[in-house]
Amino acid sequence: MSSYVGVHVSDQWLQSQFTQVELRSLKSKFTSVKNQNGEVTVEDLPPLTVKLKAFNPMFNEEEIRGILSESFSDMSSEIDFEGFLRFLPLDPASSDLFNLVRDGVLLCKLINVAVPGTIDERAINTKRVLNPWERNENHTLCLNSAKAIGCTVVNIGTQDLVEGRPHLVLGLISQIIKIQLLADLSLKKTPQLVELVDDNNDVEELMGLAPEKILLKWMNFHLKKSGYEKPVTNFSSDLKDGKAYAYLLNVLAPEFCNPATLDAKDSVERASLVLDHAERMDCKRYLRPEDIVEGSPNLNLAFVAQIFHQRSGLSTDSKKYSFAEMMKDDVQTSREERCFRLWINSLGIATYVNNVFEDVRNGWLLLEVLDKISPGSVNWKQASKPPIKMPFRKVENCNQVIKIGSQLKFSLVNVGGNDIVQGNKKLILAFLWQLMRYNMLQLLKNLRSHSQGKEITDADILKWTNCKVKSTGRTSQIDNFKDKSLSTGMFFLELLSAVEPRVVNWNLVTKGETDDEKRLNATYIISVARKLGCSIFLLPEDIIEVNQKMILTLAASIMYWSQQKAMEEGESSPPPANGKCAITPDVSPARSISGEDENSSLGGEVSNLNIDDAASDTTVSSQIESEEAPGGE
């Protein structure tokens, strides 16, 4: 009697994902499509996989072919049985997802799907078997990159992802997907949204709304046109009966209207008809009728966002949204706003920032930030919490913000709380930069074994970076943080290699001579720094264009990581004679990144704070507002 021989898979983890019954069935189907040469090619998979339960009814044959073409440049290449198994989707009824995220690769790639280009995938450790260090690097890269796209990860650590803790993994994935789904729900990305409001004041209010609030506003805009009288205020209870969906889809796609939807007596039946209607509009069926009836907020939000992307029903007449186009910020202002928004959201304060220029105007957000970076500095008894109806209460909040800023020795000559209330962008950006810089220097100062508790200056950071690179035998040095040689990326790559020799793969580094080479190096630098553990929010353009403020944040973050690591390893501050780079702060006044005396800059000059570094003689005062008046600020 012959002994039973099961289907063997060399990868033990992959083998554990299937029963022997499933493996035998899949092996039989896989073998059945072999060609005359006894091979199975990638091109053979679509007609095979579309018949599998895991794919049907989610994808048709053409969509599967499209997915494969993204992973395989040559569709005629051979694929083995294990490669076929790896292509199969996760079983939503199993714990496959939590097992798969443990190496960090899937989450990193998901972030790039949500916000393309966030992670340089060359920095991801992707080999089949990762050691604990490499796995931890992937998770560190994932969490720092998640912060850089707007996720709140204050209560999530790398060990949580290694262990695949379901509620934390699902919470992070939910945030990443939400960011991707709501990416176009802003006037910058979709100026047609201006159709939702009646006048210019309403446009400014729309700009300050969270994306999900804009989505609700869009939904109610169409529901009102359809005759549906009950406003939808949430993505849960207000959608449970499916009626709002029926009215919305009828007004957006009347050609697919089914009268039976509204006549249905049972909510589950109506929800099923709603999903049928949406599917005829080419909206993929990612949720069940029961999800609608049960009022799942995340799934309902995703469904409404999908409907919006598929058919927004907004005007394409450019004349109607020309005002929204006029309100767009210049590229540099937008980049700085983005950086400060993400930085604030990473602090773990109660308020989530959607638009810095709008969200700071009542003063409460800035008070929260100040209390976070300088605990005890805010007198909460004198602060008014939103919603704030009385304008003078907003001014009071902002006046306290300015008062605390002055106590922290920020440069605020002739600046009052009303300047923030009025939304003066230059002043807001200048103040936020001082907040961010103060926080950064305080973190370094608090590493007492290296700074002896004394103030850390920009000059100290510059000295440390040059010393660290020189200690490895390399000759690259920079004069300041606006040194044009920084645009090639070589100095920061050498600095990263100096603090952790194994982290830079020099085979991936270019000479940084052309624009394309500079961009490749810049994207690699940011991902490598995040992979180490640096919490940074700059873009490749900031390195390429040598934005001195953002360059300083990058250098300081690398320095902080390096010094923190040294402290954790029990290394005391060694004397320079040992060839190490110790921080030896001067007791003299702090120097700014432009090389000026920081105390003298309190007289009004903020060349290192201006959004336009070329306008170094600009004074931060209410005079800026009058200068910008003709532009309709």
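**Stop one: a crossing of two helices**

Start with helix 19 and helix 24, which cross in a left-handed way. Left-handed means that the near helix is turned anticlockwise from the far one by less than a right angle; clockwise would be right-handed. Select residues 331–346 for helix 19 and 425–445 for helix 24: their axes sit 11 Å apart, at an angle of about 45 degrees. That angle makes helix 19 oblique to helix 24. For the naming, under 35 degrees counts as roughly parallel, over 145 as roughly antiparallel, 65 to 115 as roughly perpendicular, and the rest as oblique. Axes here are lines fitted to C-alpha atoms, for helices over the stretch in contact, and angles run from 0 to 180 degrees between N-to-C directions.

Now show side chains. Helix 19 brings Thr 333, Glu 336, Glu 337, Cys 339, Phe 340, Trp 343 and Ile 344 to the contact, and helix 24 brings Leu 429, Leu 432, Trp 433, Leu 435, Met 436 and Asn 439. Contact means heavy atoms within 4.5 Å. Sorted by class, the contact of helix 19 with helix 24 has nine nonpolar, two polar and two charged residues. (Ala, Val, Leu, Ile, Met, Phe, Trp, Tyr, Cys and Pro count as nonpolar, Asp, Glu, Lys and Arg as charged, and the others, Gly among them, as polar.)

**Before moving on**

Keep in mind that this is a predicted model: local features need pLDDT of at least 70, side-chain atom pairs count only at pLDDT 80 or more, and totals for chains, interfaces and linings use all residues. Residues are numbered from 1 along each chain as its sequence is written, and side-chain values use heavy atoms, with hydrogens and water left out.

Zoom out to the whole protein chain: there are 32 helices and zero strands. Those are DSSP runs numbered from the N terminus (helices are H or I, at least four residues; strands are E, at least two). Of the chain's 633 residues, 48% count as buried. Buried is under 20% relative accessible area, exposed is over 50%, and partly exposed is in between (1.4 Å probe, protein chains only).

Select 166–181 and 297–310. Helix 10 and helix 17 pack at about 20 degrees with axes 10 Å apart, and are therefore roughly parallel to each other. Helix 10 passes helix 17 in a left-handed crossing. Look for Ser 174, Lys 178 and Leu 181 in helix 10, meeting Asn 298, Leu 301, Ala 302, Ala 305 and His 309 in helix 17. That contact divides into four nonpolar, three polar and one charged.

Next, pick 105–114, helix 7, where the buried residues are Val 105, Leu 107, Cys 108, Ile 111, Asn 112 and Ala 114. What do they pack against? Helix 8 (132–148), helix 9 (158–162) and helix 10.

**Stop three: three loops**

Go to Pro 387, in the loop between helix 21 (364–373) and helix 22 (391–407). The peptide bond from Pro 386 to Pro 387 is cis, with omega near 0 degrees.

Then click Asn 414, in the loop between helix 22 and helix 23 (417–421). Its phi is positive, near 60 degrees, and it isn't a glycine. Is Asn 414 buried or exposed? Exposed, at 57% relative accessibility.

Finish on Val 546, in the loop between helix 29 (540–544) and helix 30 (548–568). Val 546 also has a positive phi, about 55 degrees, without being a glycine. Val 546 is buried, with a relative accessible area of 7%.
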